[in-house]
Amino acid sequence: MDKSTSSPPQLAGDPAEAAVRYAEERQWDVLPGTWLETDPDGAPCCSCSAADCPAPGAHPTRPDWVTQASGAVPTVQHMWQKQPRASVLLPTGRSFDVLEVSENAGCLALARSERINLPLGPVLGAPGRRIMFFVLPGSGDKVPDTLRSFGCRPASLDLSVLGRGGWVVAPPTRTVPAGMVMWARRPTPANRWLPDATEALGALAYACAREAMEALDAGARPARPAAARAGAGRGRAAAPVRGR
């Protein structure tokens, strides 16, 4: 995915170290989530013990998680000292919103944006073959009207917005069955200042519309909105863009 050599690295090791770096270097709030364990048959399972867990090892551990998330480094260190195996969750709607699309559309939009030197924030490769673009907090509210100004019907696109009340799973969290969460475009000093959602939407709208057109041409059923699918990469606040 990301071929950049600038700091920080993919954080492919210790969740506690990654959580501290997100808080310290990006000033992001972080939250410890569930983690993967092994059941008696040797298969991976979620620490929540729910047999039908829809997001094994990748969701909050308690209902009041909103009050638990913190960007204070000593607090973050203490949380992971209590549970070193906890997954790393990033609440949305605080330091950033997220625009979520399919992997195919996301890769196309990312390539188009880089080709024209469009400013981009971090981009996350999430479970369920989803790509998540980080944008300014609150700017996701502009998405429906912006898409309509492009001549797109928001409800026809596989594009969702994650804002306040949601979360995303961050590297180096490992999920089942998707495996390791990874950055497609990792956080660096160069992308500290996030773009407004409207700046990212041109390439994303094109890519999602092209994907929808190709699905129709192939006679395939259009993809369901992202929020309607179970997945480990997003919080419950993920919602398809509404509108006509």
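W167 in strand β9 is the bridge partner of P91. This pair belongs to a predicted model, in which β4 (residues 88-91) and β9 pair in the antiparallel sense over 4 bridges. The protein chain has 244 residues, 50% of which count as buried, and its secondary structure comes to 6 helices and 13 strands.

**The sheet around β9**
- Three strands make up an open sheet, ordered β1-β4-β9, with antiparallel pairing.
- β1 (31-32) and β9 are the edge strands, each of them pairing on one side only.
- Strands of a sheet pair through backbone hydrogen bonds, in either a parallel or an antiparallel way.
- Strand β9 spans residues 167-170 and is covered on both faces.
- W167 and V169 lie on one side of β9, V168 and A170 lie on the other, and all of these residues are buried.
- In a regular strand, side chains alternate between the two faces of the sheet.

**Packing of α4 and α6**
- Helix α4 covers residues 103-115 and helix α6 covers residues 197-217; their axes are 8 Å apart, and the packing angle is about 140°.
- Angles over 145 degrees would count as roughly antiparallel and those of 65 to 115 as roughly perpendicular, so α4 and α6 are oblique to each other.
- The crossing of α4 past α6 is right-handed.
- On the α4 side, the contact is made by N104, A105, L108, A109, R112 and S113.
- On the α6 side, these residues meet A203, L204, Y206, A207, C208, R210 and E211.
- By class, the contact of α4 with α6 has 8 nonpolar, 2 polar and 3 charged residues.

- G57 is placed in the loop between β3 (44-46) and α2 (65-68).
- Its relative accessibility is 2%; the cut-off for buried is under 20%, so G57 counts as buried.
- Leaving aside residues up to four places away in sequence, G57 touches T34, W35, L36, C46, S87, T173 and R174.
- G33 is 24 residues from G57 along the chain, and the C-alpha atoms of the two are separated by 7.1 Å.

**Contacts across the chain**
- Taking contacts in the protein chain between residues at least 6 apart in sequence, 81% join residues at least 24 apart.

Key:
Residues are numbered from 1 along each chain as its sequence is written. This is a predicted model: local features need pLDDT of at least 70, side-chain atom pairs count only at pLDDT 80 or more; totals for chains, interfaces and linings use all residues. Side-chain values use heavy atoms; hydrogens and water are left out. Buried means under 20% relative accessible area, exposed over 50%, partly exposed in between (1.4 Å probe, protein chains only). Helices (H or I, at least four residues) and strands (E, at least two) are DSSP runs, numbered from the N terminus. Two strands pair if DSSP finds at least two bridges between them. Axes are lines fitted to C-alpha atoms, for helices over the stretch in contact, and angles run from 0 to 180 degrees between N-to-C directions. Angles under 35 degrees count as roughly parallel, over 145 as roughly antiparallel, 65 to 115 as roughly perpendicular and the rest as oblique. A crossing is left-handed if the near helix is turned anticlockwise from the far one by less than a right angle, and right-handed if clockwise. Contact means heavy atoms within 4.5 Å. Ala, Val, Leu, Ile, Met, Phe, Trp, Tyr, Cys and Pro count as nonpolar, Asp, Glu, Lys and Arg as charged, and the others, Gly among them, as polar.
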